[in-house]
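Here is a walk through how two protein chains sit together, and what a few spots inside them look like. Have the viewer open as you read.

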Number of protein chains: 2
Amino acid sequence: MSAPSPSAVAALLPNLRFDRDGLVAAVAQQHDTGDVLMLAWMNREAVEATLATGQVTYYSRSRGKLWRKGESSGQTQRLVELRVDCDGDALLLLVDQTGAACHTGTRSCFFRAVRGGKLERIAEPIVDPKTLYGAEA
Amino acid sequence: MSAPSPSAVAALLPNLRFDRDGLVAAVAQQHDTGDVLMLAWMNREAVEATLATGQVTYYSRSRGKLWRKGESSGQTQRLVELRVDCDGDALLLLVDQTGAACHTGTRSCFFRAVRGGKLERIAEPIVDPKTLYGAEA
């Protein structure tokens, strides 16, 4: 990704429609494989921090503060491209994920699927979740 | 997709964590290309209808009712697989999208990207939006 400029933020923000909590949904997708890794939330400051640093920063609803992905676990997300949907209330983040996106240690948070009338685990942890900080979800 | 059974619904629902509006976020991804098509919302009835029919049904927040994707536009989504994230408040729908997922006529709703300090259109409509019903967003 080319270095994000202040103009990128200025161009983007008027096109975002934050909800009543000041948030937009953000879907992280591994840029080269297409794997959808997780869905989280961003407020205005998280969007700004992500564009300014190139490291994906969300807003943690449970902790009520900015959450730089991987800041405690080391499982960072480097931003490759930020996309916006038609009505501006959802972002698609093409990222390069280090290790596991999920706090449970799986590569993707979407590790369960409905198959054969059951909810099945379809992926195992690639990182021992005990080595991650459990607080980061 | 194999025919969804009532047991699939029974297995899934206790694992979902609907928000204060009774909704979970749902990301639709084209099953074979990996393209992320859109983000929308489902309530309990939408999840049930999607599993029962194999046709993706969302909950329209703007219209306050179930919205069977493509019911007016013809741009339907056939469910291939439904996945759930770690904390149960987001779904990943692997789908087979007919035509355009977006009400603007583009294949994906994420047709704008931050590039070079600007918000750029990166995809053109594949269906004339005038032929779609504008109410379906």
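## A partly exposed pair in chain B

Let's start with B:Asp96, which is partly exposed, with a relative accessible area of 27%. Keep in mind that this is a predicted model. The partner to look for is B:Arg78: its side chain and that of B:Asp96 meet in a salt bridge, 3.7 Å from N to O. B:Arg78 sits in strand S5 (residues 77–84) of chain B and B:Asp96 in strand S6 (residues 90–97) of chain B, so this pair ties together parts 18 residues apart in sequence. B:Arg78 counts as partly exposed too, at 36% relative accessibility.

## Another bridge, this time along a helix

Chain B also has a salt bridge between B:Arg44 and B:Glu48, with the closest N and O atoms 3.2 Å apart. How far apart are B:Arg44 and B:Glu48 in helix H2 (residues 44–53) of chain B? They are four residues apart, so about one helical turn separates them. Both ends are partly exposed: B:Arg44 has a relative accessible area of 43%, and B:Glu48 has 26%.

## Salt bridges across the whole model

Searching the whole structure turns up 16 salt bridges over all chains. One of them is in chain A, where the side chains of A:Asp87 and A:Arg17 meet at 3.7 Å, N to O. That pair links distant parts of the chain: A:Asp87 is in the loop between S5 and S6 of chain A, while A:Arg17 is in the loop between H1 and S1 of chain A, 70 residues away. A:Asp87 counts as partly exposed at 30% relative accessibility, and so does A:Arg17 at 46%.

## Where the two chains meet

How many residues of each chain are in contact with the other? It's 43 residues of chain A against 43 residues of chain B. The size of an interface is often given as the accessible area lost when the parts come together. Here the area buried between chain A and chain B is about 3,400 Å², with carbon and sulfur atoms giving 60% of it. On the chain A side, A:Cys86, A:Phe110 and A:Arg112 lose the most area to chain B, together 19% of what that side buries.

Side chains of opposite charge can pair when their charged atoms come close. Six salt bridges turn up across the interface of chain A and chain B. For a look at a cross-chain pair, find A:Arg115 and B:Glu81, which form a salt bridge with the closest N and O atoms 2.7 Å apart. Several elements of chain A each supply at least two residues to the side that touches chain B, among them helix H1 (6–12), strand S1 (24–30) and strand S5 (77–84). By class, that side of chain A has 23 nonpolar, ten polar and ten charged residues.

S5(A) pairs with strand S7 (residues 112–115) of chain B in the antiparallel sense, over two bridges. Within the pairing, A:Arg83 stands opposite B:Ala113 in S7(B).

## A covered strand in chain B

Now turn to strand S1 (residues 24–30) of chain B, which is mostly covered: seven of its seven residues are buried. B:Val24, B:Ala26, B:Ala28 and B:Gln30 point one way from S1(B), and B:Ala25, B:Val27 and B:Gln29 point the other way.

Which strands does S1(B) pair with? With strand S2 (residues 36–42) of chain B, it pairs in the antiparallel sense over six bridges; B:Val27 has B:Leu39 in S2(B) as its bridge partner. S1(B) and S2(B) form a hairpin with five residues between them, and B:Gly34 in the turn has a positive phi of about 85°. Six bridges also join S1(B) to S6(B), and these two run parallel. There, the bridge partner of B:Ala28 is B:Leu93 in S6(B).

## A buried serine

Last stop: B:Ser60, in strand S3 (residues 57–60) of chain B. Is B:Ser60 buried or exposed? B:Ser60 is buried, because its relative accessible area is 5%, under the 20% cut-off. The side chain of B:Ser60 reaches the backbone nitrogen of B:Arg63 at 3.0 Å. Leaving out residues up to four places away in sequence, B:Ser60 touches B:Lys65 and B:Trp67.

Technical notes. Residues numbered from 1 in each chain as written. Chains lettered and ligands numbered in written order. Predicted model: local features only at pLDDT ≥ 70, side-chain atom pairs only at ≥ 80, totals over all residues. Heavy atoms only, no water. Contact = heavy atoms within 4.5 Å. Buried area = accessible area lost by both parts, 1.4 Å probe. Salt bridge = Lys/Arg side-chain N within 4 Å of Asp/Glu carboxyl O. Nonpolar A, V, L, I, M, F, W, Y, C, P; charged D, E, K, R; others polar. Pairing = 2+ DSSP bridges. Buried < 20%, exposed > 50% of the residue type's maximum accessible area, 1.4 Å probe, protein only. Polar contact = N/O pair within 3.5 Å; in protein donor to acceptor, adjacent residues only side chain to side chain.
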